[in-house]
Structure formats: C-alpha cells, structure tokens
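Please open the model in your viewer and keep the selection tool at hand. The stops below are meant to be taken in order, one selection at a time.

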Amino acid sequence: METGEVRALVVTEPTGPSALRLGTLPAPGAHAEVVVDVRAAGVTFPDLLLTHGRYQVRPDPPFAPGLEVAGTVRRAAAGSGFAPGDRVVAFTGHGGGYAEAVGVPAANVVPLPGNLDFTDGVGLMVNYQTAYFGLAERGRLEPGETVLVHGAAGGVGTAAVQVALALGARVLAVVSDDAKAEVARRAGATEVLRADGWAEQVRERTGGVDVVLDPVGGDRFDESLRLLRPGGRLLVVGFTEGRIPQVAVNRLLLRNISAVGVAWGHYAAHDPGLIHRVGAALAVLTSTGRVRPVLGRTYPFADGAQALLDLESRRTKGKSVLTF
C-alpha cells in the first residue's frame, strides 16, 4: 500500500480555477484497483465545473480536479487485466487526476494505443468516448447521414468531427472565428460554418441535418431542433453557453424527432462495460488513422489554473493538456 502524499493541484474552496493551488493530497490507498502514475491530464469542462462546485459529483475540499489521465500503471489488483508498467488512459469519475498518482476502478482504464504518446492519448477518454457514445450508441448514426457539430474547435467538437467522419457521415462544423475554423478543418470537417448566421448556412447547403451534437445549449439548441430532418436526433452534451434550454415536446411529436441525452460519465456507472467497449472501438479507429486527438495547448502541471481559466473564457482550440 502506498503511504504518504502526492503532489497535486488542490481546490480548498469551490470558487473557480483561480482557487487551485499546488499542494499535496493523500496517496492512493490499498482499495484502488489500479493506481496510475500520471504523465498527462486532460483539461475538460467538467474539471472547470468541479472547481466551481457545480459538477454532478461534488467532492469535499480539499480535492484535485482531473477526470482523465494518461500514464503508466504503478500497481493493479489481481484480475484487473492490467500490470505494472502498462501504458493506459483512465477516467477518474470524481476528479483527482491533477496529481502525480491517482487510483481508479479497473472498469475505467483502457490501454493507450501504441501509436499515441501520453499527451495525445489522454484526449481519447472524456472527449472521444463522449463523441463515440453519443454518435454511435445514443445517436445511432448511419453512414451517409449529415451531422452538425457545434463548438467544433473545442475538445468535444474536434472529437465529434473525427468520429462522425470515421462512421461515414458528412460533417458540418460550427465555429466562431478564423483560428477555430482552421482547427475544425484540421479535424477533417466536410464544411465549416461561422456561428454568425450558421442556421441559414445550414438551410442553404443541406436543407436540414440528421444528427446534431450540441455541447453549447442555449439558442443553439433551439435553432438546431428546427433544422432536424424527420427522424433526426439532437444529442445534448452540455450547456457551455450557460442557459439550459427547454423543449416544446409537441415539436418532437409532430416532426418525429428526438432530443437525446449524452451523459457519458454518468452512464458509465450504470454500464460497467461502457468504457472498455468504446475504448476498443476507438482503438480500431485510431489504428487506421481515422481518429487522432487534435492537440491544442499543453501546459505545465503547475499552470493548471490558467488552463482552466482559458477554457472558461473560450480561448482554447482543440484539446488542452497538463503535462507532468
């Protein structure tokens, strides 16, 4: 059993990213099925919510954010399927990844594909698992369908663009400026649309779409419902705009469309095989080159607060990562 403490970025008060401080937390205990020595930690929107005390899981301070990590296995329980030295990506489920080491359930750990390093590979967890779970399992995406991706230059957005293309879809990517348009193109988007007047651009180019992946919410959600073709699905991933929209269900009824929740992290607790199943599918797509995380900025571990502040102010492009 590990004893002592590990270095961590610690939240002592849930008042936002500025409250993060370098400190220490207890090392993972004997109850942890897999202990990972962290080499890279992803910067995710749920991490930002954790620092504000607004995530669905609310650990008592002091705690470290960090829902996804990449690193090497320090130790693993018998029967876990992992061994010391294995390169892995893991979902912590409750934070704790902004630390030198973290303990996680074996069901939340997948092998890191051999063609990716830790910095690139950490993005395969929250963002790509969410995108694949949303599009393939919740959205039932079929080859030849048209997918509209909002926030297409962010971590979830670039993941959704690549996964949708890999599944045979045409992808329309919505972004807010030139720099973000370039990121969406780098992800492979079929067409890139500007957020100013995006709905009219969709109508002019396609007349409607089959699937919308929406991590933004607010007005984007309202207009996206109107753009769905009969049988279309709007995948609700988050509400970065801030306003949680309301659905007039008569629209769903009369037009035979669906608004579908995609709470990947929450659902993983109800489906213990989810992360391994999706991880295996992503490994295949990665090995063929159709999926590779679009890396944005990397930050030293000590600059985790700045990484989350940049995410909060929407200055990020692609996947932000903390490196150890």
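What follows is a walk through pockets, a cavity, nonpolar cores and an aromatic pair. Keep in mind throughout that this is a predicted model.

**First stop: the largest pocket**

Begin by selecting Phe45, Pro215, Gly238, Phe239 and Thr240, which lie nearest the centre of the largest pocket among the 48 residues that line it. The volume of this pocket is about 1,300 Å³. To see which elements surround it, colour helix H1 (45-52), helix H3 (126-138), H4, strand S9 (170-175), H9, helix H11 (304-312) and strand S15 (319-323), each of which gives two or more residues to the lining. H1 provides the largest share, with four residues.

**Second stop: the second largest pocket**

Next, select Pro26, His94, Gly96, Val102 and Gly103, which lie nearest the centre of the second largest pocket, whose lining is made up of 23 residues. Here the volume is about 430 Å³. Strand S2 (20-26) and strand S6 (101-104) each supply at least two of the lining residues, and the largest share, four residues, comes from S6. The lining of the second largest pocket divides by class into 15 nonpolar, six polar and two charged residues.

Select Val89, Val110, Pro111, Pro113, Leu124, Met125, Gln129, Gly279, Leu282 and Ala283, and you will have its lining on screen. Which element gives the most to this lining? It is H10, with three residues, while strand S7 (109-111) and helix H10 (274-287) each supply at least two. The lining of this cavity has eight nonpolar and two polar residues, and no charged ones.

While you are at helix H10, select Thr286, which is found in that helix. Is Thr286 buried or exposed? Its relative accessibility is 1%, and therefore Thr286 counts as buried. Leaving aside its neighbours within four places in sequence, Thr286 is in contact with Pro113, Asn115, Leu116, Leu124 and Val291; two of the names on that list, Pro113 and Leu124, also belong to the lining of the cavity.

Select Tyr98 and Leu135, which touch the most other members of the largest nonpolar core, a group of 96 residues. Helix H4 (residues 155-166) gives the most to this core, with seven residues. Then select Leu172, Ala199, Phe221 and Leu234, which are included in a second, separate core of 16 residues.

**Last stop: an aromatic pair**

A search of the whole structure finds three aromatic pairs. To view one of them, select Phe91 and Trp264, whose rings form a tilted pair at 4.6 Å centre to centre, with 55° between the planes.

Definitions and conventions:
Residues numbered from 1 in each chain as written. Predicted model: local features only at pLDDT ≥ 70, side-chain atom pairs only at ≥ 80, totals over all residues. Heavy atoms only, no water. 1 Å grid on protein atoms, 1.4 Å probe; cavity = no way out; pocket = protein on both sides within 12 Å on 5 of 7 lines; lining within 4 Å. Nonpolar A, V, L, I, M, F, W, Y, C, P; charged D, E, K, R; others polar. Core = buried A, V, L, I, M, F, W, Y, C linked by side-chain atoms within 4.5 Å. Buried < 20%, exposed > 50% of the residue type's maximum accessible area, 1.4 Å probe, protein only. Contact = heavy atoms within 4.5 Å. Phe/Tyr/Trp six-rings, centres within 6.5 Å; stacked < 30°, edge-to-face > 60°. Points joined across faces, edges and corners; volume = space filled by probe spheres on them.
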